[in-house]
Structure formats: C-alpha cells, structure tokens
Amino acid sequence: MNIQSIELLMAQVSELLMAPVILTICVLMIYALYALGRFISQWLVRKKNAMSYVRAVKAKENNWHAGYPIHNYFVQNPNASEDELEVFALKQLENLRVVTRIAPMLGLIATMIPMGPALQALADGNIQGISENLIIAFAAVIWGLVIASVTFWPASVKKRWCANELINIRKIRGEA
C-alpha cells in the first residue's frame, strides 16, 4: 500500500464522518438549549430560596433546600466525606463542561472535512463547489461556538454555586 492510497483512504473516511459530526452538533444544540432552560429554572428556584438557605447555614441547620443539590445530597448523606461531596458536585457540572469543550472541536472537524472538496473544486475551477463546501464549513464552526457559548456561562456559574455549597457544608459541620 503506497502513501497515495493511504491518503485517499483517510480522505474517504473523513468524509464519512461528516454526517455523524453534523448530527452530533445538532443534538448538542438541543441539549445546550435544554441545559440553559434548566439553569434558568434552577437560578429562579435558588433566588426564591436564598434567604432561607442562608439562615439555615448560619444556624448550622441541616435542612433540605430546593435548588441546592450538593447541600441536599449532604442532607440525605450526612456522613458523606468531603471527597464524596466533591465528586457529587463534579457530576453536577460534568455534562455542561463536556459539551462546552467538545462542541468547538466538532465544529472544527466539520469545518475541516469540507475544506478538501472545496480545495478540489478550486483546482477544478468550480466556484459553486467551493461556495457550497465553505458554507457548510463555516456554519458548522459557528454552531459549535454557539453551543460552547450557551453552555459555558451556566457551567461557570454552577461551578461557583457548587463551591459555595461545599463551603457552607463545612460551616454546618463546624470545619470552617
């Protein structure tokens, strides 16, 4: 097998990846909108219950509070170690963090795949072929970046919320 046949095989396989990558980007966009809605809902619930949560932490009460998942996990598992609580907090953030990182990568993959045919169309003098492939390429990277943008903000805010809840659990336990 010579180098040219390997290159041709790689090009053909990469073209086969285009449909799954585009489909995954579409699914991630739906997930990003869903996650944004859940984030807004949780923010509203936390805002509504913030005063009672702060009073309970100051009084070192171990009560359940809607919108505070790490605290509620602690209420259900009062003997959970700090490591267990941190793992639970990481699980709360995991999907958002993964989507925030993977979406731009998939957008880049979906950008690079049609560049080969676009360059071939350029070599053949086919302007329409160039534009068709570039439209797909740029749309894919834009969608990947939009998905990352939509999920980055909730992931960052939820990370702060989790850290704050862990600190408050230490206060309730009398460790801080």
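A disulfide is a covalent bond between the sulfur atoms of two cysteines. In this predicted model, a search of the whole structure finds 0 disulfides.

The class of each follows from its relative accessibility, with buried meaning under 20% and exposed over 50%. C26 has 44% relative accessibility and therefore counts as partly exposed. C162, at 6%, falls under the cut-off and so counts as buried.

| Residue | Relative accessibility | Class |
|---|---|---|
| C26 | 44% | partly exposed |
| C162 | 6% | buried |

The secondary structure consists of 5 helices, with 0 strands in the chain. In sequence order the pattern is α-α-α-α-α.

Overall dimensions come next. The C-alpha trace spans about 75 × 35 × 20 Å along its principal axes. The radius of gyration of the chain is 24 Å, whereas a compact globule of 176 residues would have a value near 16 Å.

Of the 176 residues in the chain, 34% are buried. When contacts between residues at least 6 apart in sequence are considered, 70% of them join residues at least 24 apart.

Methods: Residues are numbered from 1 along each chain as its sequence is written. This is a predicted model: local features need pLDDT of at least 70, side-chain atom pairs count only at pLDDT 80 or more; totals for chains, interfaces and linings use all residues. Side-chain values use heavy atoms; hydrogens and water are left out. Helices (H or I, at least four residues) and strands (E, at least two) are DSSP runs, numbered from the N terminus. The radius of gyration is taken over C-alpha atoms; the globule rule is 2.2 Å times the number of residues to the power 0.38. Buried means under 20% relative accessible area, exposed over 50%, partly exposed in between (1.4 Å probe, protein chains only). Contact means heavy atoms within 4.5 Å. A disulfide is a pair of cysteine sulfur atoms within 2.5 Å.
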